[in-house]
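Dear colleague,

I am handing over the structure we spoke about, and I would be grateful if you could look through it with the notes below beside you.

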Amino acid sequence: MKFYENCAIFNYSWEQVVQGFWKRYPNPNSKHVISEDTILREVRSGKLVTKRLLNKTNNIPNWAKRFINTSYVYIVEESIVDAKNKILVTYTRNIGFSKVMSVTEKVIYKQSEENPTKTVATRYAWIDSQVRGFSRAICAFGYERFKKNAHKMVGGFNYVLQNMFPHQHVIPSGHVAVTAAHKLKDAAKNASELAKSKAAPIYASLHPNQS
């Protein structure tokens, strides 16, 4: 068995990431996802529990064709949304060709402790095979493919988030200009008032008979 772990940071709030989670397909990096169907959704102890069935396709290397006769595989995705504690946990596993290679994945999405406007996603994966004589090679292949796809998944998710929240990190130039203008105006006003306060005693000494 091979174990994989990775951490990614999304520059979006936890609420935004959860919204994007349900809409992350399709995206340019996940064209292999053919369909997605929700088969269960309910609230348990204040948490939203969802189970979905995904149909995916992957290129099969020549050596694997002796074990697998189709490029399509079904994936079960289970998720738990804890809005109170701002935690989203997802579990995925393939239900086809699991004896040849099984991939179990767990991802935890949490609000960043350093910056509440960002979300940290920690990904774990277990790759296993029950094919005698080939299990080590198959696990090594599965690990490298999963590692490569994990980076693509993060990129694809970011693409979805950027399209959902296009102005998330953009400060309008007009706002900057107005803010700067107000600051200059306030500074000029303060300088003028200071000058008047200093000039008043001098003017009074020069014109003692004027009130």
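What follows goes through the strands, then the aromatic rings and the charges over them, and lastly some backbone details.

Please keep in mind throughout that this is a predicted model.

Strand pairing

I begin with strand β3, residues 47-57, and strand β4, residues 72-82, which pair in the antiparallel sense over ten bridges; within this pairing, L53 has V76 of β4 as its bridge partner. On to strand β5, residues 87-94, with which β4 again pairs in the antiparallel sense, here over eight bridges. From β5 the pairing continues to strand β6, residues 102-111, the two running antiparallel and being joined by seven bridges, with K106 in β6 as the bridge partner of Y91.

Aromatic rings

A pair of aromatic rings is described by the distance of the centres and the angle of the planes. With rings counted as paired when their centres lie within 6.5 Å, the model holds twelve aromatic pairs. One of them is formed by F3 and Y124, a stacked pair with 6.3 Å from centre to centre and 25° between the planes. This pair links distant parts of the chain, since F3 belongs to strand β1 (residues 2-10) and Y124 to strand β7 (residues 119-128), 121 residues apart.

W63 and F141 form an edge-to-face pair, with 5.2 Å between the centres and 90° between the planes. Here too distant parts of the chain are linked, with W63 in the loop between β3 and β4 and F141 in helix α2 (residues 135-164), 78 residues apart. The relative accessibility of W63 is 38%, so W63 counts as partly exposed, and F141 is also partly exposed because its value is 26%.

Beyond these pairs, F10, F21, W22, Y109 and F157 form one aromatic cluster. The ring of F21 also has the charged end of R24 over it, 4.1 Å from the ring centre. A further charge of this kind is that of K2, whose charged end sits over the ring of Y143 at 5.8 Å from its centre.

Backbone details in the loops

Which residues does a cis peptide bond join? They are Y25 and P26, with omega about 0°, and P26 is found in the loop between α1 (14-21) and β2 (33-44).

S45, in the loop between β2 and β3, has a positive phi near 50° although the residue is not glycine; its relative accessible area is 78%, so S45 is exposed. F97, in the loop between β5 and β6, likewise shows a positive phi, near 55°, in a residue other than glycine, but F97 is partly exposed because its relative accessible area is 28%.

Notes:
Residues numbered from 1 in each chain as written. Predicted model: local features only at pLDDT ≥ 70, side-chain atom pairs only at ≥ 80, totals over all residues. Heavy atoms only, no water. Pairing = 2+ DSSP bridges. Helix = DSSP H or I, 4+ residues; strand = E, 2+ residues; numbered from the N terminus. Phe/Tyr/Trp six-rings, centres within 6.5 Å; stacked < 30°, edge-to-face > 60°. Buried < 20%, exposed > 50% of the residue type's maximum accessible area, 1.4 Å probe, protein only. Lys NZ or Arg CZ within 6 Å of the ring centre and 35° of its normal.
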